[in-house]
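Please look over the sequence and the model shown here before reading on.

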Amino acid sequence: MASGKFPLRKWPIAAYFLYTARKGMSSIRLSKLIDVTQKLAWFLLHRLCAAITYADNALSGIVEVGETYISGSDRNRHADKKHRAILAPARRRCSACASGRCREAENVAEGCAFWIPDASGETLHGAINAHVARESTIYSDDWEAYRGLAGYWHAWVRHSPKEYVQGDTHTNGFESFWALLKRGHKAFTTQ
């Protein structure tokens, strides 16, 4: 940070704007906020994102887990490439994300999110085994890939018949994390 040819005071200001923006921050927006060029704002954003380190602590206690697909907006696609409700899962070529969230911490900082190649049972079980401590309570949705988790107490809600909460079993905090992530991704891809 100190080796740059721009004022050092720009770094903490840029970090503040980046880390407090709920939906992320584009380099164009940051350049206007801290009065630098877009190229320099892009550089700052990439250095700040690279500075974030992930503590590889296993999640424990009550952990909500899930996966999502992230793809671009349909607005700019050709008509034959747009997602249709029935064909969407088969035609969607996008990235899958998995994450876990420790419910007692009540924030995503006590969780993890990472890219996975697919949402198969083998991939999801491997991710859970790598990031969640044994004997933890895991709450998920009714995706069949989660079935058969060994070493955990596992409960799920059935989203298919519109069941979202069953006593303490829910993934609502976790779903709000995905909503924010997707809104931020959409904000970056539509600019």
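Predicted model: local features only at pLDDT ≥ 70, side-chain atom pairs only at ≥ 80, totals over all residues.

Residues are numbered from 1 along each chain as its sequence is written, and side-chain values use heavy atoms, with hydrogens and water left out.

**The chain as a whole**

The protein chain holds six helices and seven strands, where helices (H or I, at least four residues) and strands (E, at least two) are DSSP runs numbered from the N terminus. Along the sequence these elements follow the pattern α-α-α-β-α-β-β-α-β-β-β-β-α. Of the 191 residues in the protein chain, 36% are buried; buried means under 20% relative accessible area, exposed over 50%, and partly exposed in between, with a 1.4 Å probe and protein chains only. The accessible surface of the protein chain comes to about 12100 Å², and 54% of that surface belongs to carbon and sulfur atoms; accessible areas come from the Shrake-Rupley method with a 1.4 Å probe, and for residues only the protein chains shown count as cover. Among the contacts in the protein chain with a separation of 6 or more, 54% are between residues 24 or more positions apart, a contact being heavy atoms within 4.5 Å.

**Helix packing**

Two packed helices are described by the angle between their axes and the distance between the axes. Axes here are lines fitted to C-alpha atoms, for helices over the stretch in contact, and angles run from 0 to 180 degrees between N-to-C directions.

Helix α1 (10-20) packs against α3 (residues 38-51) at an angle of about 75 degrees, with the axes 10 Å apart. The two helices α1 and α3 are therefore roughly perpendicular, a term for angles of 65 to 115 degrees, whereas angles under 35 count as roughly parallel, over 145 as roughly antiparallel and the rest as oblique. On the α1 side, Trp 11, Ala 14, Ala 15, Leu 18 and Tyr 19 meet Phe 43, Leu 44, Leu 45, Arg 47, Leu 48 and Cys 49 of α3. The residues of this contact of α1 with α3 divide into ten nonpolar, no polar and one charged, where Ala, Val, Leu, Ile, Met, Phe, Trp, Tyr, Cys and Pro count as nonpolar, Asp, Glu, Lys and Arg as charged, and the others, Gly among them, as polar.

The axes of α2 and α3 come within 8 Å and cross at roughly 110 degrees, which makes α2 roughly perpendicular to α3. Here Ser 27, Ile 28, Leu 30, Ser 31 and Ile 34 of α2 meet Gln 38, Ala 41, Trp 42, Leu 44 and Leu 45 of α3, and the residues of this contact divide into seven nonpolar, three polar and no charged.

**Residues in loops**

Ser 26 lies in the loop between α1 and α2 (27-34), and its side chain reaches the backbone nitrogen of Arg 29 at 3.1 Å.

| Residue | Relative accessible area | Class |
|---|---|---|
| Ser 26 | 9% | buried |
| Asp 35 | 66% | exposed |
| Glu 135 | 70% | exposed |
| Asp 168 | 58% | exposed |

Asp 35, in the loop between α2 and α3, has a positive phi near 60 degrees although this residue is not a glycine. Glu 135, in the loop between α5 (121-131) and β4 (137-141), is likewise not a glycine and has a positive phi of about 70 degrees. Asp 168 is placed in the loop between β6 (165-166) and β7 (169-170); from Tyr 139, Asp 168 is 29 residues away in sequence and 9.1 Å away in space, C-alpha to C-alpha.

Methods
Polar contact = N/O pair within 3.5 Å; in protein donor to acceptor, adjacent residues only side chain to side chain.
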